[in-house]
Amino acid sequence: MTHPLSEIYSLLKPISCMMCGQCCVLPQCTFVEFVFLMNEMQSLVSFETRQAFLTQKLQPSKQFQGNFDCIFQKNQQCQIHPARTLMCRLHGDPILTKIGQSENCKKVDREETLSEFDLSQIGTQLDHLNRVYYEIDAMPFLLDSLNIACWLELYYSDLSPLPFIKNIQIHLKTLLHPDYQHHIYTPVTQILDKFITVDKAYYCLENGDVPKAEGFYWKLIEQYPDSIGYYTDKAFILLEQLYKNLNRSDKLNFLALQKKRIFT
Ligand code: SF4
Ligand code: SF4
């Protein structure tokens with residue numbers, strides 16, 4: 001039987017590509033795509049190759065600051081091509097740049113293969129498929145923006161004390177091919193600590209403990225400056241909002257200085 005995700009992927013039109021591999025940074029994907037990719041990979045490459053992927057040291061991307069070269073690429077070729085994510089399948093389509101995704105082909109001007117409407121329809125279908133596995137309302141933004149290294153870390157880490165993350169981890173451990181239990185993986189992203197810090201900051205804000213919330217946001221900024229793709233950015237936005245609401249121009253100025261220091 002065809003996997004429902006293959007049906008979603010089949011809605012995409014082929015995009016011409018010179019296979020230079022330059023846009024191949026660790027792709028972000030949803031839960032269901034990660035499970036599909038990992039399970040399909042079982043029949044695409046050997047145990048040894050999978051282990052080589054998982055133990056590969058992440059190399060910062062020269063092209064896209066804050067991300068890493070994809071672990072599945074070898075000699076500019078994707079080793080898991082039939083199982084690649086939606087993001088990978090859209091590389092090269094100008095629609096990605098149009099919707100604000102910077103990690104896209106910079107080589108040639110091309111025609112869009114999808115309209116924004118088509119893309120949102122595909123996104124909705126993907127959402128529905130993911131909801132079969134987890135309550136997306138829990139904290140969707142955290143889960144939709146995970147890259148492959150973060151997903152791997154959730155799978156290979158001990159269960160989190162945060163119930164919704166623990167739930168995801170249990171699902172992953174049930175759904176991934178049992179062979180993966182025999183692989184070795186060393187965590188690199190500290191995603192679980194980031195989740196806990198974001199959760200604590202939200203809790204403090206909801207309960208009016210602004211100084212404590214501020215401390216957690218600063219921890220994200222100081223401790224994970226490389227996460228500019230998401231966490232640091234998000235922490236800056238939230239702190240900015242906080243200081244504006246409190247009319248703290250001194251703190252806003254200090255924040256602006258820190259932003260300059262980290263981002264330039
Ligand atoms: S989409 Fe563009 S950058 Fe990516 S591999 Fe193809 S030609 Fe290279
Ligand atoms: S999974 Fe394949 S297509 Fe996607 S970024 Fe990695 S190498 Fe490129």
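# A walk through a predicted two-ligand model

The shell of residues around ligand 2 divides into 7 nonpolar, 1 polar and 1 charged. This is a predicted model, and the residues that make up that shell are Cys 24, Pro 27, Cys 70, Phe 72, Gln 73, Cys 78, Ile 80, Arg 84 and Cys 88. Ligand 1 has its own surroundings, which consist of Cys 17, Met 18, Met 19, Cys 20, Gly 21, Gln 22, Cys 23, His 91, Gly 92, Cys 105 and Lys 107; sorted by class, that shell holds 6 nonpolar, 4 polar and 1 charged residues.

From the ligands we can turn to the chain as a whole. The protein chain contains 13 helices and 2 strands, and 29% of its 264 residues count as buried.

The next step is to look at the interior. In soluble globular proteins, nonpolar side chains tend to be buried together. Here the largest nonpolar core has 50 residues, and those with the most contacts inside it are Phe 34, Leu 37, Ile 148, Trp 151, Leu 154 and Tyr 217. At least two residues of this core come from each of the helices H2 (31-44), H4 (86-90), H8 (148-156), H9 (163-175), H10 (191-206), H11 (210-223) and H12 (231-245), and H2 gives the most, with 8 residues. Because domain 1 (4-182) and domain 2 (191-263) both give residues to this core, it lies between them.

When residues up to four places away in sequence are left out, Trp 151 touches Phe 34 and Leu 146.

Not counting residues up to four places away in sequence, Leu 152 touches Leu 54 and Tyr 185; the C-alpha atoms of Leu 152 and Tyr 185 are separated by 8.0 Å, while the two residues are 33 residues apart along the chain. For Ser 43, which lies in helix H2, the count is 9 other C-beta atoms within 10 Å, and because 12 or fewer makes a residue exposed, Ser 43 is exposed. The C-alpha atom of Ser 43 is separated by 9.7 Å from that of Ile 80, which is 37 residues apart from Ser 43 along the chain, and Ile 80 is one of the residues around ligand 2.

The mean pLDDT of the protein chain is 84, and 90% of its residues reach 70 or more. Confidence is highest in H3, at a mean of 96, and lowest in helix H7 (residues 140-144), at 53. Over residues 136-141 the pLDDT is below 50, and this stretch has 5 contacts in the model beyond near neighbours in sequence.

Key. Residues numbered from 1 in each chain as written. Chains lettered and ligands numbered in written order. Predicted model: local features only at pLDDT ≥ 70, side-chain atom pairs only at ≥ 80, totals over all residues. Near = placed C-beta within 6 Å. Nonpolar A, V, L, I, M, F, W, Y, C, P; charged D, E, K, R; others polar. Helix = DSSP H or I, 4+ residues; strand = E, 2+ residues; numbered from the N terminus. Buried ≥ 20, exposed ≤ 12 C-beta atoms within 10 Å, placed from the backbone. Core = buried A, V, L, I, M, F, W, Y, C linked by C-beta atoms within 7 Å. Domains from an automatic or database assignment. Contact = placed C-beta atoms within 7 Å. pLDDT = per-residue confidence, 0-100.
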